[in-house]
Amino acid sequence: MLDSQGTAGVRGSKGFTYGEHYWEIEFLEPPYGSSVMVGVGTQNALLHTGDQRYINLIGFDSQSWGLSYKGFIWHNGRSQKYTEPFYERNTIIGILLDLSAGTLTFFQNGVNLGVAFTGLEQVSKALFPLVSSTAPETELQLGLRSQRISSLQEQCIHIITQSLSHCRHAHKLPLPTSLLCQIHSHAHL
């Protein structure tokens with residue numbers, strides 16, 4: 001339970017730098033107040049305002065990416081409509097952070113809402129799960145959690161692809177043809 005004056009957030013204890021990670025947040029009580037959010041952020045993401053302001057905290061800065069229960073996604077102080085609001089008790093929001101693809105995708109009660117953010121593979125710091133609320137006594141529960149760690153080959157392909165200025169330079173690398181094809185395919189995802 002979050003209990004705060006103003007806006008407060010909670011950061012997960014483990015940051016992610018590679019692989020696919022999925023977790024669910026269940027809204028035990030309907031969200032009240034001006035903002036309840038879920039998402040990810042770096043260690044430097046703003047998690048409290050220090051005053052009585054009620055703001056959309058996750059996504060308020062450049063260090064976090066979030067979804068508000070009102071259906072808007074936020075990053076760097078900007079928002080856009082993403083889905084319909086979810087006011088119902090026991091709504092489950094799933095969060096899929098795929099650092100190989102660099103995407104953040106949200107699910108509502110098991111339904112994929114689509115990719116909300118891209119380019120997260122460019123973040124040079126670990127990303128942590130975040131929740132925040134402006135509502136006193138917000139009740140959220142962490143549910144299902146899973147992860148898929150990329151194989152060493154997948155990690156190498158990802159690093160090689162990021163290191164090349166253009167994927168057309170891949171053929172110059174002294175690698176087997178099958179690996180070069182995988183690098184080329186990964187660069188076009």
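I started with Tyr22, which is buried at a relative accessible area of 16%. Buried here means under 20% relative accessible area, exposed is over 50%, and partly exposed is in between, using a 1.4 Å probe and protein chains only. Before going on, I noted that this is a predicted model, where local features need pLDDT of at least 70, side-chain atom pairs count only at pLDDT 80 or more, and totals for chains, interfaces and linings use all residues. Residues are numbered from 1 along each chain as its sequence is written, and side-chain values use heavy atoms, with hydrogens and water left out.

Next I looked up aromatic pairs. Rings of Phe, Tyr and Trp (its six-membered ring) pair if their centres lie within 6.5 Å; planes under 30 degrees apart are stacked, over 60 edge-to-face, and the rest tilted. I get five aromatic pairs by this rule. One of them is Phe16 with Trp23, a tilted pair with 6.1 Å centre to centre and 35° between the planes. Phe16 and Trp23 are both buried.

How are the rings of Tyr22 and Phe107 arranged? Their planes sit at 80° with the centres 5.7 Å apart, so I logged the pair as edge-to-face. It ties together distant parts of the chain: Tyr22 is in strand β2 (residues 20-27) and Phe107 in strand β8 (residues 103-108), 85 residues apart. For the record, strands are DSSP runs of E with at least two residues, and helices are H or I runs with at least four, numbered from the N terminus.

I stayed on Phe107, which is also buried, at a relative accessible area of 14%. Not counting residues up to four places away in sequence, Phe107 touches Tyr22, Ile92, Ile93, Gly94, Leu96, Asn112 and Leu113; contact means heavy atoms within 4.5 Å.

Then I followed β8 onward. β8 pairs with strand β9 (residues 111-117) in the antiparallel sense over four bridges; two strands pair if DSSP finds at least two bridges between them. Gln108 has Val111 in β9 as its bridge partner. The two strands form a hairpin with two residues between them, and Asn109 in the turn has a positive phi of about 50°.

Last, I checked Ser68, in strand β4 (residues 64-68). Is Ser68 buried or exposed? Ser68 is buried, with a relative accessible area of 2%. Leaving aside neighbours within four places in sequence, Ser68 is in contact with Val36, Met37, Asn56, Trp74 and Phe86.
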